[in-house]
Amino acid sequence: MLLPQNLVKEALWKASSTGADYAEVFAEYTNQKNISMVASKVDKIADGIISGVGIRIFKGTRCVHGSTSSFSPEAILACAQKVADALSGAREMETITLRERRFGDIHPIRIVPASVENATKIDLLREASETAKNYHSDISQVTASFLDVDHNIMIATTEGLLAEDRQIRTRMMVNAVASKNGENQTGYHAPGARMGMEFYETFDPKSVGEEAARQAMVMINAGYIPAGKMPVAIGNGFGGVIFHEACGHGLEASSVALGQSVFAGKLGEQIANPKVTAIDDGTIPNGWGSINIDDEGTPSQKNVLIENGILKSYMIDKLNGRRMGMASTGNCRRQSYIYEPTSRMTNTFIAEGSDKNDDIIASIEYGLYAKSMGGGSVNPVTGDFNFAVNEGYIVRNGKICEAVRGATLIGKGAEILKDIDMVGQNLERAQGMCGSSSGSIPTDVGQPMIRVSSITVGGR
Amino acid sequence: MNYQEFKNAVVKYATANEIKDYELYYTKSDETSVEIFQTEVKGFNSSNNLGICFRCILNGQTGYASTENMTEEEAESIVLRAIENAKSLESETPSFIHKQGDTYLSYEKEEIVTPSASTLVDFALDLQKEIYAQDERVIDGTQAVAGFGSFEKAIFNSNGLDLADSGKFDYTYAMAIVTDGKEMYNGMEVKSGKMADFDKTEVAKEAVKDALSTIGYTSVDSGAYTVVFSNKVMASLLSVYSSVFSAEAAQKGLSLLKDKEGEIIASDIITLTDDPLYKDALSKATFDDEGAATYTKNIIENGKFTTFLHNLATAAKAGVKTTGNGYKGSYSSPVGINHYSFYINPVKGSLEDLFAEAGNGIYITEVEGMHAGADPISGDFSLSSGGFRIEDGKKTTPVKGITISGNFLQLMKDISSVGEDLKFNPFALSAHRCGSPSVLVKNINIAGK
């Protein structure tokens with residue numbers, strides 16, 4: 001246990017002294033290492049311990065949160081007192097009983113990365129980096145990094161829960177720059193998993209460098225896409241960022257409970273094309289966005305968000321669940337003890353459909369094939385979203401033609417969901433970091449190839 | 001243990017491991033904020049955090065390790081981990097622990113009195129009332145937030161350098177949500193500085209005005225337009241592309257400005273300044289994150305690119321002196337490079353003058369998705385935007401659902417007028433922020449209908 005049980009109990013007791021009906025102690029000890037390489041030489045290594053305690057109390061739908069970097073009993077109890085001081089009622093809770101629960105770990109780790117010396121990781125990274133550099137003479141620079149995180153958490157609440165989890169993740173990232181005639185274009189590939197070093201036995205590290213370099217080369221030889229509204233086929237894997245931005249954030253209870261989402265009050269309604277089924281599943285073994293328990297101690301679960309176009313569920317944490325009168329769906333997450341946790345995504349994807357990928361391309365007379373997507377963002381209030389296309393091609397008469405750069409897709413979430421009129425069959429997930437109010441957390445996005453009948457494509 | 005005891009322990013372990021060149025970097029921050037929903041306090045958040053980073057030079061390489069836990073074991077661990085990491089490095093950039101002897105600028109520090117928690121709550125509750133009072137179209141979901149924070153930073157190294165800095169700030173923001181009965185629209189206003197200077201009515205009014213301004217928006221036909229970028233939007237663009245001015249990016253082949261010092265890279269009305277002590281900055285910097293003295297310099301002078309921003313390592317590699325721009329993204333990050341108050345100098349003419357000069361075009365007041373749609377390495381941007389039409393020299397109807405596209409360096413060359421309304425990004429509470437006046441650019445590609 002990160003903290004002694006009697007200290008945790010004392011902190012909960014103090015925190016709940018002014019009328020709170022719920023108190024929670026979250027303790028964290030994280031070891032994070034990031035090895036970065038420039039031109040295949042190890043350039044920098046960041047190696048840090050993140051540790052501390054976050055304490056939360058609720059009274060009805062009111063929440064108070066405090067955090068401290070110290071593990072000393074004095075600092076933790078002072079934090080509990082400070083949190084309690086924000087309320088001014090009389091004690092409601094008579095006793096606190098903690099019952100330890102073991103939820104188990106469905107994410108086996110064969111080789112804990114922290115137990116492996118730098119040299120092994122550097123060799124893997126160098127292989128990826130050199131493959132990118134040697135891909136073509138126009139590849140002018142390659143930067144690469146190797147990340148491993150060992151995130152230990154402990155959660156205790158006045159509901160009696162006492163639980164722990166150890167979340168180990170690793171990720172390799174390669175950025176390739178292609179240069180020609182004074183122009184630069186980049187390519188990027190970054191697979192990751194909730195796995196140990198055995199992750200790198202599941203694929204050839206060379207393929208990471210190759211993919212980044214291939215993308216940079218395609219784009220340096222591409223022209224700019226003409227701007228306009230057109231049908232778009234979005235490739236599988238990271239293409240799923242469209243659902244993450246256009247809809248996922250709007251289904252988080254943090255927006256829904258406050259009426260700040262266009263999807264608030266729409267459970268049971270047809271909000272998407274009947275071809276769309278979307279799922280958030282934190283229980284995928286060794287998935288990048290997977291968790292055994294969320295940061296309130298609720299076991300993670302598989303939530304069908306949209307089934308055949310009908311809104312079935314939101315992603316809910318305990319606090320917003322109170323406002324909505326609904327139970328937690330195991331989606332409460334935080335970057336670290338410093339951040340107040342709230343409802344977030346885990347592994348979120350559009351399920352496979354019935355259309356053939358070839359038919360999707362063949363159906364487009366003139367449009368865009370967005371093979372690989374970059375990041376994006378959304379305003380959940382208006383539903384306005386945007387995201388960048390990292391690798392795109394013009395589609396003419398049902399055939400994929402020349403590569404184009406500089407495309408950005410924009411639209412409104414509620415409209416785009418109805419315009420997804422073909423869903424293919426090659427579901428794949430891809431890794432990302434999602435930034436929101438409770439910090440930056442690992443999430444998977446995913447989908448098979450889909451078609452959006454009409455969307456505004458930014459270009460020149 | 002306290003910081004002094006931890007520091008002594010680290011020195012002991014560094015000495016025992018025969019480490020001669022090392023530095024200890026310490027940060028501490030306290031922050032408190034309150035958030036209002038409907039007419040009640042929804043959340044109250046208070047954090048006290050610290051972080052310590054040890055770095056040392058071994059065989060010409062700088063190894064790093066950091067912690068947030070001040071114990072005897074961690075003191076030994078960060079020394080051993082930094083040594084271990086240094087052994088794995090192969091960097092061709094020289095390593096430095098800064099020496100004493102710099103002359104540091106000084107400035108008069110304004111005393112900010114930290115408000116009490118109840119002052120904060122009252123302020124936010126009143127602000128929330130003001131937002132609802134502005135317009136009957138304001139609906140629930142609207143939020144008022146107020147907060148204050150303070151930070152401490154200290155650098156101590158084996159050359160006897162021992163520097164410390166601290167600062168305080170208050171902030172508030174209003175997010176207003178309005179509806180026209182069909183759709184929701186939101187608007188935002190942010191203020192930072194001293195709580196006593198914040199005008200609640202003005203903050204509420206600006207947030208609601210921002211939300212209402214987009215009601216009834218339409219898109220425009222795709223094509224090339226004359227565009228006025230608002231000061232806020234231009235400051236955001238500058239912020240995303242500021243890394244092109246970093247010597248580190250250039251030396252690693254990741255900047256479009258590589259080998260371009262002395263060349264004309266922008267329109268001759270552009271002068272870009274980096275000022276560590278700019279008068280209204282909430283926090284100012286007299287030393288950088290390696291302990292080197294800071295100073296004010298022009299990065300672009302009448303269109304000519306004068307110098308990259310340097311830290312000790314990049315300066316040594318380039319054979320120049322550091323510009324005092326050594327920067328750690330967080331206490332645990334390796335030393336990189338960043339600017340301070342970094343701004344395009346105002347010229348003359350009001351926003352209305354720029355509209356008149358534009359004749360017909362688009363006034364861009366909003367861009368979204370900077371981290372995705374703007375690439376600092378290629379310079380390309382393609383960004384979801386909103387704003388207003390400019391017709392016959394006047395601002396008219398709202399525009400949304402469009403994207404603007406181009407290349408940052410081309411944009412800097414294409415700026416044909418610079419206004420006088422210099423404004424800094426209000427979200428940046430630290431010493432590192434960007435600012436710009438509104439600017440006029442001809443021929444920007446817009447995607448719409």
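**Close-up views of a two-chain predicted model**

The second largest pocket has a volume of about 500 Å³. This is a predicted model, in which local features need pLDDT of at least 70 and side-chain atom pairs count only at pLDDT 80 or more, while totals for chains, interfaces and linings use all residues. Residues are numbered from 1 along each chain as its sequence is written, chains are lettered from A and ligands numbered from 1 in the order in which they are written, and side-chain values use heavy atoms, with hydrogens and water left out.

**View 1. The second largest pocket is lined by 28 residues.** A pocket is an open set of points on a 1 Å grid over the protein atoms alone where a 1.4 Å probe fits, with protein on both sides within 12 Å along at least five of seven lines; lining residues have an atom within 4 Å of a point. Its volume is the space filled by probe spheres set on the points, with grid points joined across faces, edges and corners. Nearest the centre of the pocket lie A:Asp43, A:Lys44, B:Ser91, B:Thr93 and B:Lys252. E2 of chain A, along with E3, helix H6 (247-251) and helix H7 (312-318) of chain B, each supply at least two lining residues. Helices (H or I, at least four residues) and strands (E, at least two) are DSSP runs, numbered from the N terminus. E2(A) gives the most to this lining, with four residues. By class, the lining has nine nonpolar, nine polar and 10 charged residues. Nonpolar covers Ala, Val, Leu, Ile, Met, Phe, Trp, Tyr, Cys and Pro; charged covers Asp, Glu, Lys and Arg; the others, Gly among them, count as polar.

View 2. The side chains of A:Asp47 and B:Arg81 meet at 3.1 Å, N to O. A salt bridge here is a side-chain nitrogen of Lys or Arg within 4 Å of a carboxyl oxygen of Asp or Glu. Both A:Asp47 and B:Arg81 are buried. Buried means under 20% relative accessible area, exposed over 50%, and partly exposed in between (1.4 Å probe, protein chains only). Over all chains, the structure holds 45 salt bridges.

**View 3. A salt bridge joins B:Glu35 and B:Lys42.** Their closest N and O atoms are 3.2 Å apart. B:Glu35 is partly exposed, with a relative accessible area of 22%. B:Lys42 counts as buried, at 14% relative accessibility. Elsewhere, salt bridges that share partners join A:Lys33, A:Asp47, B:Glu74 and B:Arg81 into one network.

**View 4. A:Lys371 and A:Glu391 form a salt bridge within chain A.** The N to O distance is 4.0 Å. The pair links distant parts of the chain, 20 residues apart. A:Lys371 belongs to strand E17 (residues 366-379) and A:Glu391 to strand E18 (residues 384-396). A:Lys371 is partly exposed at 34% relative accessibility. A:Glu391 is buried at 0%.

**View 5. Strand E2 (residues 40-58) of chain B is mostly covered.** Of its 19 residues, 17 are buried. Two strands pair if DSSP finds at least two bridges between them. Strand E1 (residues 22-37) of chain B runs antiparallel to E2(B), joined by 16 bridges. In this pairing, B:Val34 stands opposite B:Phe44. E1(B) and E2(B) form a hairpin with two residues between them, and B:Gln38 in the turn has a positive phi of about 50°. Strand E3 (residues 61-67) of chain B is also antiparallel to E2(B), over seven bridges. Here B:Phe54 stands opposite B:Ala65. Two residues separate the strands of the E2(B) and E3(B) hairpin, where B:Asn59 takes a positive phi near 50°.

**View 6. E2(B) also pairs with a strand of chain A.** Strand E3 (residues 62-68) of chain A meets E2(B) in the parallel sense over six bridges. The bridge partner of A:Ser67 is B:Ser47.

**View 7. Helix H5 (residues 241-248) of chain A is mostly covered.** Eight of its eight residues are buried. Among them are A:Phe243, A:His244, A:Glu245 and A:Cys247. In chain A as a whole, 64% of the 460 residues count as buried.
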